[in-house]
Amino acid sequence: MAKLYFRYGAMGCGKTTALLQVVYNYEKNGIKTILIKPSIDKKGDMNIVSRLGIERCVDSLIDKDEKIIEKFDLTDVKCVLVDEAQFMSKDQIKELWFISKEYDIPVICYGLKTNFKAELFEGSKAIIELADELEELSTICKCGSKARFNARVIDGKYITEGDVVAIDGIDAAYEPLCGKCYIDKVLKKKIH
């Protein structure tokens, strides 16, 4: 039976690059995949864009209330890949889980686990609840420790309030931080 995977990590850990490598490996072997991302991710429009400069067009942008299973003919599909899975709805994650089980197609989701407030995204929470396998991808904080938090930075200041969704490079910038630096730079400023 196929699995639902969640590969997650802080900003800059290489999630998109890893996803693009997986797509490349399937396609170079002539294996049919479906690559999707939520339409709320405005970065790159129809493309998935890695910080390393590589990009690829998605098969479809998915709106928040859209049914994924109705968009595709899953015949001969051997893998479904999802970028920015944290922005998917709980129902869409359940649908991806269903695809992995009922159609026996692996579904590999890439995304953030938590937002800039260190709270789970709706999609991430649902994936964590249903995923067969979780894999944390790593990056480092400026201090050299493992970064697990995403600090939002606007005009050089760490922000603790605002909409949960602000797209990196368009609406805001983000900095991956370890727990200690997140407390020192973000939470202590909020408390004082």
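Predicted model: local features only at pLDDT ≥ 70, side-chain atom pairs only at ≥ 80, totals over all residues.
Local features were taken only where pLDDT is at least 70 and side-chain atom pairs only at pLDDT 80 or more, whereas totals for chains, interfaces and linings use all residues. Residues are numbered from 1 along each chain as its sequence is written, and side-chain values rest on heavy atoms, with hydrogens and water left out.

Helices (H or I, at least four residues) and strands (E, at least two) are DSSP runs numbered from the N terminus, and two strands are taken as paired if DSSP finds at least two bridges between them. On this basis, six strands form an open sheet with parallel pairing, in the order E5-E2-E6-E7-E1-E8. Axes here are lines fitted to C-alpha atoms, for helices over the stretch in contact, and angles run from 0 to 180 degrees between N-to-C directions.

Within the sheet, strand E1 (residues 4–8) runs parallel to strand E7 (residues 107–111) and is joined to E7 by five bridges. Leu4 has Val107 as its bridge partner in E7. Helix H1 (residues 15–28) packs on the sheet, where it touches E1, strand E2 (33–38), strand E6 (79–82) and E7; contact denotes heavy atoms within 4.5 Å. The direction of H1 makes about 155° with that of E7.

E11 and E13 pair in the antiparallel sense over five bridges, and Phe149 has Leu177 as its bridge partner in E13. E11 is also joined by three bridges to strand E12 (residues 157–159), again in an antiparallel arrangement. E11 and E12 form a hairpin with two residues between them, and Asp155 in the turn has a positive phi of about 50°.

Side chains of opposite charge can pair when their charged atoms come close. The structure holds 13 salt bridges, each defined as a side-chain nitrogen of Lys or Arg within 4 Å of a carboxyl oxygen of Asp or Glu. In one of these, the side chains of Glu122 and Lys64 meet at 3.5 Å, N to O. This pair links distant parts of the chain, with Glu122 in helix H3 (residues 122–130) and Lys64 in the loop between E5 and E6, 58 residues apart. Accessibility was classed as buried (under 20% relative accessible area), exposed (over 50%) or partly exposed (in between), with a 1.4 Å probe and protein chains only. Glu122 is partly exposed at 41%, and Lys64 is likewise partly exposed at 42%.

Lys146 forms a salt bridge with Glu136, with 3.1 Å between the closest N and O atoms. Here Lys146 belongs to strand E10 (residues 146–147) and Glu136 to strand E8, 10 residues apart. Lys146 is partly exposed at 40% relative accessibility, as is Glu136 at 28%. In a further salt bridge, the closest N and O atoms of Lys185 and Glu175 are 3.7 Å apart. Lys185 lies in helix H4 (residues 179–191) and Glu175 in strand E13 (residues 173–177), 10 residues apart. Lys185 is partly exposed at 26%, whereas Glu175 counts as buried at 11%. Salt bridges that share partners join Glu136, Lys146 and Arg148 into one network.

Asp83 is located in the loop between E6 and helix H2 (90–102). Asp83 is buried yet has no salt bridge, and the nearest side chain of opposite charge, Lys37, is 6.1 Å away. For this assignment, Lys and Arg count as positive and Asp and Glu as negative, while His and the chain ends are not counted. The side chains of Asp83 and Thr16 are joined by a polar contact of 3.5 Å. A polar contact is a pair of N or O atoms within 3.5 Å; within protein, one must be able to donate a hydrogen and the other to accept it, and residues adjacent in sequence count only if both atoms are side-chain atoms. Beyond its neighbours within four places in sequence, Asp83 is in contact with residues including Leu19, Ile36, Pro38, Ile48 and Tyr110.

Ala126 is found in helix H3 and is buried, with a relative accessible area of 5%. Neighbours within four places in sequence aside, Ala126 is in contact with Lys90 and Ile93.
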